[in-house]
Amino acid sequence: MTDLSKAPELDPEMGSDPPEPVEVMEDEPAEDAAKDYSESSGQVNSSVESTGGFPSGNDDEEDDEVEHARQVAKSETARLRFWRFVVTDTIIMIAVVLIISTYCVQREEEHVQFAEAWARFASSVGDRVVEQQQTLRSSLLEFSTVVSTTAELVYNPWPFFTLPRFEAHAQRTMAVAGVQALGLFSMVHKELRQEWVDFADKTHEDVVLTNNKLAGTQDDLKPVGYNSFISRVDSATGGMVQDFGRESYFPSLAWSPPPLDFATINWNMGSDAGFYHTIEALVELGQDEVLFTFPDQVDPLYQPPNATEEPMTYAFAPVYQEPQGSSTESPQFVGVISSAFTWDHMFANTLPQDVHGMVAVLESANCNQVFSYEINGRDVTYLGAQDVHDTDFDKYIVNVDLGTGFYQDKDMAMNTTGHCTFTLNLYPSATIWDQFVSFRPEAYAIVVSMLFFCIAAVYFVYDQLVDGRNEKLIARFARSNAIVSSLFPKNIQARLLGDGDTSSVGGKSYRSGSSLKAFMSSGGTGDHGNGASKPLADLFPDVSILFADLVGFTAWSSVREPNQVFILLETIYSSFDEVAEARRIFKVETVGDCYVAASGLPNPRNDHAVAMVRFASDINIKIGVLAKELEVVLGPDTGDLALRIGIHSGPVTAGILRGKKARFQLFGDTMNTTSRLETTGMAGRIHISQATVDLLARAGKSHWVHKRKDLVAAKGKGVIQTYWVTPAHGHDGESTTSGSSFDSGVEANSQGDKGAKRALPRSSPLANHSSRVDRLVEWNVGALLHLLKEIIARRDAQNEVAAMMPAGREEAPLELPITSGGKPLDEVKDIVELPEFNRAAARRQRNPEQMEIPSLVVDQLRNLVRRIAGGYRSNYFHNFEHASHVTMSVTKLLSRIVAPTDLDMDDISESDDQGGAAASLHDHTFGITSDPLTQFACIFSALIHDVDHTGVPNTQLVKEKGEIAAYYNNRSVAEQNSFDLSWAIFMESSFDAFRAALCSTPTELRHFREIAVTCVMATDIADKDLKASRNARWQKAFDAKPADSKADLSLGRSSTRELVRSTANRKATVVIEHLLQASDVAHTMQHWHIYRKWNERFFLECYKAHLEGRSASDPREYWFKGEIGFFDFYIIPLCKKLKECGVFGVSSDEYLIYAQNNRDEWATRGKDIVADFIAKAEREFGETSFSSSTPANTTRSDSGGASSSS
């Protein structure tokens, strides 16, 4: 054996052991070590942040097993039957042919029906358009006759003629013809140019005014802008300029709608080339024809104020000196009737109301114009100046002849230039097609396909049954293989499943002549002489075993919900598994919170001891990282969890112990020795045996080893020498067992603070606080944020319901001050009214986890919790860590409130009456569960209830006669001070966004304050008046006898309802008070280790106050008996009250059992523990004079060791 007598000795005390460092192992490449550690630790965040905090399972491994099983099944079923494919293909081909044929025949029939209907619709539209054209022509020619006849009757020579009441005649003609504008333009030869101007000068005002009066627009007329010359439009400026140099002119004094000023009087229509060419065509034809045209420039007359994008088409009719039908063979051309219209009038009312989607394309080839319209029943839509019809429907085109019947001499008119001729093409569109297309072809095809499907189904039933059986076998095989893979080493898997003829383990060869099922079922039965029933077991002579136990896990888990316990274990153990895989360490099992691993089996390795030590170091580092990461999710004390590791090397027997739930197991003295090393080790240390030390020395790692100073008495082994292993080349890191930031370096409060009411600084004194406080802050933020989401979800649902109700009085804005009118103690009420249950809102409420909280609100909430944390002093007991512990208890009790035993929430589905379920919860819990704002106030109160606590009880603060005691009238001094300071922070403007999200109305803010005051004041258990008042409220709420039935009958329905509500609110108030009281002393009702931890801290705090002269009583003298009295007269009765109120479920039983057990344990071990407290206090504060006798059995002071005021 290696002589390690000169190995450095370390202090065996727990606190003196150095933490395991973060390191790079010697003889291991740095990059490999870094890779191993980063790969194993890189999963921390993803594990913690995943849904529910659960790490991912072995899905990939199981998928591989399924794929492997399918490959095996495929190779064994490769011979497929030929006729299976023949029959299948035949059925499919026949079905496809019949389905397609049926569909095509039915679709062709629909095409024929559509073509017939389309022909009717197109004919109707064409006839209507031709008829509208004829009406337009006849109306314009008739108007021309009226003009000629009137001119002949009044003996006015042309061109000096105006039609009396022109507007009246024009409006009638426009209504019949369907045009938007109409004007009379007289032809003025150049010799008469000046005479026309003189004539216009004299008559234009009277003519324009008369026409505007007839049109009803005389009030809009502005007699300005008259040009005393024949004008044209200047193409450059758009204004009117003098027109001259022509043989003839076509000015006008009258047109409809009449002009509203004189700027366009004397405008020469002939100055536009397009118009002039059309007038020439009329003269050339020399007969009663109506011609169409378009202007070359903007028409200054015919631009209606609501003109659309559709361009105007102009129709010209000639005016002769003699009326139409006179005997004159060659009538004299004296003027033009000009009209402007849009073609949509021609297409209106041409289709039945329920027919939509006909496209009309109007084209003028000689004028280069194309217009498209869509006709939808009686309405028409202009589509644009281009052909936009769907070319897929070209075969359905219908051409409408617009010339025949319109011109007197069609051929002559068509061959005459200067005017526009139109062709009309009608097309259907997808819209009108869809009106005639039905689902009938598809329906017939589906019917045929269903018939063939039924035929094919009969054939395929058997085949599918066979395939289904195969899939089940594959899945079963895959599951079996996955289970085997997770439980057994790979060589054992091969021997169990028969994957090979032979396999070798530990240098021995084995035959694989049996299957897993045969092997497992043979255990304990049958002939053991048969080879198939022989156990699979081997001796591995060189193995290192590791036991790693979670220190503090039992106490930690006692105050957590079951799902939180599994989040912790799954996250930690899955992370260890990743490290084990990287280090080639075999995980044997987990027993409770103990992780068992082996190195050197199933595959032997010479460096098994070194590899196991490295693995132990890795997981020791990892637990420190994971515990602190998880503290943000799982709450206080999680970061204190550490590993106690024991390693021993030697031979083990390994194999499968058959029977129910068989698994791979290890046996032998090596296992027992490793267990003893683990149990006698220390948190955060790696404890190893002499056998492992020898192996490390042979590997050149003796410098890792440090002899343990004290010998270890191991059960069954006697007294043995053991060692600590600390791998070299490490550096100091953060301890995995870092204590509370309040445990050490307690800052003594000066006497100057006594009785002084201080304001908390805006900049938190914990600006450089430890990472532990940061984690506690984040956990508190998470708990509050969860309830904030519930508050917003409930409020949104209530607002939806309120929006459907008649409008009522709105509340005042949130900026209104919320004041108490006195001290917090004055606000305490016997009954705090909780909101009434809203069944409709409960039905509409969304999942709170789906609510999005603005980042500004979250940041302000986090800053608020940090400010509150900064308000706590560095006391041993009354500090932020204890406030977080109280908060955790409140959170747990609230979660238990919402699960009454008489309401099975699992039976409520989404289709059930969610409002009814919530109503039952509301009644069962007196309304606490239905108001998340109340729950938020309870948790917030737990967080703030000891802010600025000085570490001395209220009695001492009153005795010192400080300013703060006087301010609060010597009652509940610490509690009122904590509340006022916290409320001042809460109401700061820097938290406006968060406060608005929490309380959207003054009513909500007032209710929040009432609950918070009630909760914080309830933590003062030493005030006799408050205690008596609380007891009276409890008796009235839960101990009072039912009211006389006769008295109930005398009450009306409204009064009875108010009585029921008042009773529920009274019970809710009492429950909330006792909820905070129980949580404030929750450590007395939890695991023994938690109770002892906080009891010791409170002792140190009281002892420190005594040394400073701020406590007349010496805790060394009364602590033992005081605790027993505290249990008997306060804690246990409080637990019984929690049970009596009936809303805390199993937690009330749990708290009562722990309280009774702790009381009994303290009665047995309390005196020795107090002695340990005194010894630690002497080390902490130095030697002081005190009685050498054992602590006296005197009654404990009013502090009780629990109250926030104590």
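Of the 1206 residues of the chain, 50% count as buried, where buried means under 20% relative accessible area, exposed over 50%, and partly exposed in between, using a 1.4 Å probe and protein chains only. The model is predicted, so local features need pLDDT of at least 70 and side-chain atom pairs count only at pLDDT 80 or more, while totals for chains, interfaces and linings use all residues. Residues are numbered from 1 along each chain as its sequence is written, and side-chain values use heavy atoms, with hydrogens and water left out.

Colour the chain by secondary structure, and you have 35 helices and 29 strands to explore. Both kinds are DSSP runs numbered from the N terminus: helices are H or I with at least four residues, strands are E with at least two. Residues 24 or more positions apart make up 77% of the contacts in the chain with a separation of 6 or more; a contact means heavy atoms within 4.5 Å.

**Stop 1: the annotated segments**

Select residues 82-103 and 443-462, which an unreviewed UniProt entry lists under "transmembrane region". UniProt positions are given here in the numbering of this model, feature names are shortened, and annotations may be inferred rather than shown by experiment.

**Stop 2**

Now select helix α4, residues 82-154, and find Q134 in it. Q134 counts as partly exposed because its relative accessibility is 28%.

Next, show the open sheet of 5 strands in the order β14-β13-β12-β16-β15, which has antiparallel pairing; two strands pair if DSSP finds at least two bridges between them. At the edges are β14 (379-384) and β15 (398-400), each pairing on one side only. From one strand to the next the twist averages 25°. Zoom in on β12 (residues 356-364) and β13 (residues 369-376), which run antiparallel and are joined by 8 bridges. Within this pair, A360 stands opposite Y373 in β13. Helix α4 lies across β12, β13, β15 and β16 (423-427), running at about 155° to β16. For such angles, axes are lines fitted to C-alpha atoms, for helices over the stretch in contact, and the values run from 0 to 180 degrees between N-to-C directions.

**Stop 3: another open sheet**

Select β8, β3, β11, β10 and β9: in that order, these 5 strands form an open sheet with antiparallel pairing. Strands β8 (254-256) and β9 (291-293) stand at the edges with a single partner strand each, so one side of each has no neighbour in the sheet. The twist here averages 25° from one strand to the next. Strands β10 (residues 313-320) and β11 (residues 333-341) pair in the antiparallel sense over 8 bridges, and the bridge partner of T313 in β11 is F341. Helix α5 (residues 166-177) lies across β3 (181-186) and β8, at about 35° to β8.

**Stop 4: a hairpin**

Move to β20 (residues 586-591) and β21 (residues 594-599), antiparallel strands joined by 5 bridges. They form a hairpin with 2 residues between them, and G592 in the turn has a positive phi of about 65°. V591 stands opposite C594 in β21.

**Stop 5: aromatic rings**

How many aromatic pairs does a search of the whole structure find? There are 48. Rings of Phe, Tyr and Trp (its six-membered ring) pair if their centres lie within 6.5 Å; planes under 30 degrees apart count as stacked, over 60 as edge-to-face and the rest as tilted. Select W983 and F986, whose ring centres are 5.0 Å apart with planes at 40°, so the pair is tilted. Both lie in helix α27 (residues 973-986), 3 residues apart, about one turn of the helix, and both are buried. Then show Y876, F877, W1094, F1098, F1099, Y1103, Y1118, W1119, F1173 and F1181, which ring pairs link into a cluster.

**Stop 6: T1069**

Finish in helix α32 (residues 1053-1080), where T1069 lies. Is T1069 buried or exposed? T1069 is buried, because its relative accessible area is 2%. Leaving aside neighbours within four places in sequence, T1069 is in contact with K829, D830, I831, V832 and T1014.
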